[in-house]
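The following note sets out points for a colleague reading this structure.

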Amino acid sequence: MPYLSTAAIEGALAHLADTYPSIFQLITLPEPSVEGRTIHAVKIASGTGADRRGVLFIGGVHARELVNPDALVTLAVRMCQAYTDNTDVVLGGKTYPASTVQTIINSMDVFLLPLVNPDGRTYAQSPSGDSWWRKNRSVNAGSACRGIDLNRNFDFLHSSGIGTSANPCSEVFRGPAAFSEPETRNVRWMLDTFSNIRGMIDVHSYSELILHPWGDDDTQTTDPTQNFRNPAFDGLRGNPGDTVYREYLVEADVNRFRNIGNGLRDAVAAVRGRQYTVEAAVLLYPTSGTSKDFSYARHIVNTGHAKVFSYTLETGREFQPPDAEAAQIINEVCAALLQFCVSLLCLVESVAADAVDVVQLDQLRAFRDDVLTRSPVGQQYLVQLDQHTPELVEAFGADAELRKAFAGLLRAAAPVLSSDDTVPEELLRHAERFVATLGRSARTPALRATLREARSDLRHLAGRSLRDGLDELERTRHARLDEPVREPTA
Amino acid sequence: MDSRYFVTIHAVDARALRELTDFDVDIFQATARAGDSVPRIEGLITLADVGRLVAAGYRVTVEATEQARARADQVASLDEWLPAMGEA
């Protein structure tokens, strides 16, 4: 199938809004493009609620990377069909069961902005245009060269000049100011307006990469003063490989970026075996003004903003692959983006929200934020929960009894989570039974191993409060590490 | 407009590869590779650019003409696309 025209992309979104009105909503962005085209985003969701998480997928920032807007529109179609017709999404060797897609749509807001830069795409597809046009179509004052590189126009170290150019004729011309362009302001508007967005992927081409922050320099986790807001380091950033400056990133987020990225990589590989590489974006060339770094950095600049885990996906091995290859890449993009949705789902809210009341949800959240995150063992469990959420969502989606058992356990556990009372023996036995049942549904050795460990850990809670139990677990694990290594006997 | 060519640009080291940005040519930053062999990157440049880079010590391999990889003129209408997606 050839590439969609700009008009066809708009038409496809209008068709989906007409065909699936209960789950598909068109959003007219506040600013038209430089040449006056109306730009639409969409929201795929069923239901409402203050606690729903959102994800944002954007494409077509660079005009010549033609396959990516088509991939985002295709994802929208497949999600709508899976939800409505109860059909699985089959992507080569990777299948997302209908129940998983239904869980996503029922519990998340999925925002798509398939074509950020319609003027650029129209010019690239025009017989009188340029197939390899990258930028938007801004008229640059005092220059015969048109266009601004939109992915160097976001407000992240924009004026630093790192990996950008002040020359309007350059392919990486950053523009006169951050957010000088209506197309980038529209992306910012999405993040500002839909404050429940917790994850963002900007889909580009090419090189088979999954990139996460930072892009301006190497990353480090030990010196918070080396950060993009600190003017003491102005002029010292943008030299990867040196020891003068490296951008600070909280270690837990480094791990989460890697874990989520690895999940995307595995989902892509399952389609037809292509191995994307997960890495920090700086690579050989540092950059500034990118959507990914801006989206993640917002919560650091303004603590009122939510943290957005943001990536750049570099799809395929050329800008405009032939039909058969484009179809495979579209499958890979769909797999990565669905995997991202599942990775960012809150297991409790998505699987058991109906069965757990608001008070109990608050108790669960408080336990996560006030107890688990402050304990090394608790943090380890949260990381493991992140890693296994996609498999758990699939398991719960396919088994109503398992879902019911999970909700029952959460209801029983909620009162204990917010108290310093001793964990009742009955609750421990309940949890052990559930973990054993879940273990029988586990598909991967990794989840089975985690559940075995959890079952063993539950015994350490006997006769203790949860806080004391976590402390005891910590001591036990240290003691195990301190044990001398026993040499095997002959 | 002068004809452009898809090229692979080889540099003597990673630093030289980074310094390619000084030439203001259309290089595809995500394709840069330095770890495993000779540092290299792909790009889309004119023959005049090839000359400038070679004169500066880079090795440039021409991979394809721009027309050979261009598919932007192959455009699908909504009427063609919807049935292919199972949407009547």
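Leaving aside its neighbours within four places in sequence, which residues is A:V55 in contact with?

1. Basis of the note. This is a predicted model, in which local features need pLDDT of at least 70 and side-chain atom pairs count only at pLDDT 80 or more, while totals for chains, interfaces and linings use all residues. Residues are numbered from 1 along each chain as its sequence is written, and chains are lettered from A and ligands numbered from 1 in the order in which they are written.

2. Surroundings of A:V55. Beyond the neighbours within four places in sequence, A:V55 is in contact with A:M108, A:V110, A:F111, A:I197, A:R198, A:G199, A:F340, A:C341 and A:L344. Contact requires that the C-beta atoms of two residues, placed from the backbone, lie within 7 Å.

3. Nonpolar cores. A nonpolar core is a set of buried Ala, Val, Leu, Ile, Met, Phe, Trp, Tyr and Cys residues joined through C-beta atoms within 7 Å; a residue is buried if 20 or more other C-beta atoms lie within 10 Å of its own, exposed if 12 or fewer, and partly exposed in between. The largest core has 140 residues, and A:V55, A:A76, A:C334, A:L337 and A:C341 have the most contacts inside it. Helix 8 of chain A gives the most to this core, 13 residues. Domain 1 and domain 2 of chain A each contribute at least three residues to this core. A second, separate core has five residues, among them A:L461, A:L466, A:L470 and A:L473.

4. Strand 8 of chain A. Helices (H or I, at least four residues) and strands (E, at least two) are DSSP runs, numbered from the N terminus. Because eight of its nine residues are buried, strand 8 (residues 197-205) of chain A is largely enclosed by the rest of the structure. Strands pair if DSSP finds at least two bridges between them. Strand 4 (residues 53-59) of chain A runs parallel to strand 8 of chain A, joined by six bridges, with A:G54 opposite A:I197. Strand 13 (residues 309-315) of chain A is also parallel to strand 8 of chain A, through seven bridges; here A:I201 has A:Y311 as bridge partner.

5. Domains of chain A. An automatic or database domain assignment supplies the bounds: domain 1 is 6-345 and domain 2 is 349-482. Their centres, taken over C-alpha atoms, are 34 Å apart. The contact takes 14 residues from domain 1 and twelve from domain 2. On the domain 1 side, helix 3 (98-107), helix 6 (251-272) and helix 8 (323-344) of chain A each supply at least two residues. That side has three nonpolar, nine polar and two charged residues, where Ala, Val, Leu, Ile, Met, Phe, Trp, Tyr, Cys and Pro count as nonpolar, Asp, Glu, Lys and Arg as charged, and the others, Gly among them, as polar.

6. Contact between the chains. In this interface, 29 residues of chain B are in contact with 33 residues of chain A. Strand 2 of chain B gives the largest share of the chain B side, five residues. The chain B side divides into 15 nonpolar, six polar and eight charged residues. Strand 1 (residues 3-4) of chain A pairs with strand 5 of chain B in the parallel sense over two bridges, and A:Y3 has B:V75 as bridge partner.

7. Confidence. The predictor gives the complex an ipTM of 0.96 and a pTM of 0.93. Chain B averages a pLDDT (the predictor's confidence in each residue, from 0 to 100) of 94, and 99% of the residues score at least 70.
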